[in-house]
Every structure is written in C-alpha cells, then in structure tokens.
Amino acid sequence: MEEKDPRQSAFMTALTTEHFVLQTAMSAVASEAANRASLYILSLSSALVAMGFASRSEEIFVPFVATVIPALFLMGVFTVLRLVDAAMEQVEFLNDIAYIRGYYRTLTPEAAEYFAAERGRWPETTTPPALRLGPFVGYATTNASMVAFINGVLAGVGVTMLVGYLFPGDQTVLALLLGVATAAVLLAVFYFYQRNRLAETSPQTRDLRTRTPDGRP
C-alpha cells in the first residue's frame, strides 16, 4: 500500500484548519456587527425616553438635547464605519474560503462534484445574492445602511430643532427643509462611501471558479 506523504497530510490538516478558522472569524465579525448595531439602537432609544422626561423643562431640555444629539450622531457615524469594515472583512473571509474550496475540487473526481462552484456560495457563484435586485437595493439594505438611515434622520431632526431654536417664529417650513436636506446629503454620502469601500473586496483579481489539476490558480 502506498504511504501517504507526511507533508501532504500536514498541508491538508493546515488547510482544513484554516477553513475552520475563517468560518469562526466570519461568525465572530457578524456577531460583533450585530452587537454594535444593537448598542447604537439601545442608546438612541434610551436617549429618546430621557428627552421625553427632560422636555417638561426648557432649561433642562435645550442643553440636554444640545449634548445628547451630537453625541448620538458621532456614535452612529462610528458604528456605521465599523459595520462597513465588518462587511468587508466578511467578504474577504468568503473569498479565502472559496479559494480553499477551489483546491478541494482538485483532490478527486468525486470532490470536483461535491465541491463544485455551483454548489458553493458567492464569490464562487456568478452573482452576489444581495445584488440580484440591483446594486442600489443591495447596498441600501445592509445593516450599515439601516443604521446610517436612522443616524441621518437623527441629524436631520437635530438641524430642524437647532434652526427652530435659533430663529423662533414662523420658520417651521425652513427648519423642516434644512432637516430633510441634511438627512438626504448624509445618506447619499454614506451610500457612495459604502459602495466604494465594498468595491475594494471584489474577487475579480483572481479566478475562484477554476483551478489547474495540481491546485494552482
């Protein structure tokens, strides 16, 4: 019986270990992203409740809002930035897992069937599932986009309240328009930021669907 090459066995052990580590790291990043988004929403909800109590006194309400809204907005910005980075890390993990699966396909004829690209997940498949309804819908429905939308609305509310406070009187329409414009600008800036950042993780620089029989790309 032919003895197995110890170096090949060690390589396969290292490869499967790396596969497991990538899956674990991807789960950890997804959990961190969910926790960060939950922390922001919880902080925002608590602040809104506190604002309701503070609204009974104008002397307390004005400085409270002037302190809390900017702090929440900055927290939202940091949360959004981290969520985009987390999404990029998950895409990189998927790229590396697909690269390993490409080698698995070269082991035996049966492996070519069981580890076929069509049976895998993106980026081995041709189209990212999130983009099947178009890039706009795909990027607008991410976790980062949801938090960015809430944070943009928060900024718009803050601007509306600030304009109403600085220019008392019949300035409701102006305050609302400025608030809506602020939210719209922030959302547009975030959309293009997220799209450009995620474009850096494109797998087009290497072919993840085919490999030579010896396992080389």
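Accessible areas here come from the Shrake-Rupley method with a 1.4 Å probe, and for residues only the protein chains shown count as cover. With that, I get about 13,700 Å² of accessible surface for the protein chain, and 66% of this belongs to carbon and sulfur atoms.

Ground rules before I go on. I am looking at a predicted model, where local features need pLDDT of at least 70, side-chain atom pairs count only at pLDDT 80 or more, and totals for chains, interfaces and linings use all residues. Residues are numbered from 1 along each chain as its sequence is written, and side-chain values use heavy atoms, with hydrogens and water left out.

**Overall fold.** I looked up the secondary structure and found six helices and zero strands. Helices (H or I, at least four residues) and strands (E, at least two) are DSSP runs, numbered from the N terminus. Next I checked burial, where buried means under 20% relative accessible area, exposed over 50%, and partly exposed in between (1.4 Å probe, protein chains only). Of the 217 residues in the chain, 31% are buried. Then contacts, meaning heavy atoms within 4.5 Å. Among those with a separation of 6 or more, 77% link residues 24 or more positions apart.

**Core.** A nonpolar core is a set of buried Ala, Val, Leu, Ile, Met, Phe, Trp, Tyr and Cys residues joined through side-chain atoms within 4.5 Å. The largest one has 31 residues, and L72, L83, V147, L154 and F190 touch the most other members. I see at least two residues each from α1 (6-54), α2 (58-104) and α5 (143-166), with α2 giving the most, 15. Leaving out residues up to four places away in sequence, L72 touches Y40, S43, L44, A47, N151 and L154.

**R82.** Is R82 buried or exposed? I find R82 buried, because its relative accessible area is 17%. R82 sits in helix α2, and beyond its neighbours within four places in sequence it contacts E32, R36 and E89.

**Second largest pocket.** On a 1 Å grid over the protein atoms alone, a pocket is an open set of points with protein on both sides within 12 Å along at least five of seven lines, and lining residues have an atom within 4 Å of a point. I note 14 lining residues, with V65, A66, G158, M161 and L162 nearest the centre. Both α2 and α5 give two or more residues to this lining, and α2 has the largest share with eight.

Terms used: 1 Å grid on protein atoms, 1.4 Å probe; cavity = no way out; pocket = protein on both sides within 12 Å on 5 of 7 lines; lining within 4 Å.
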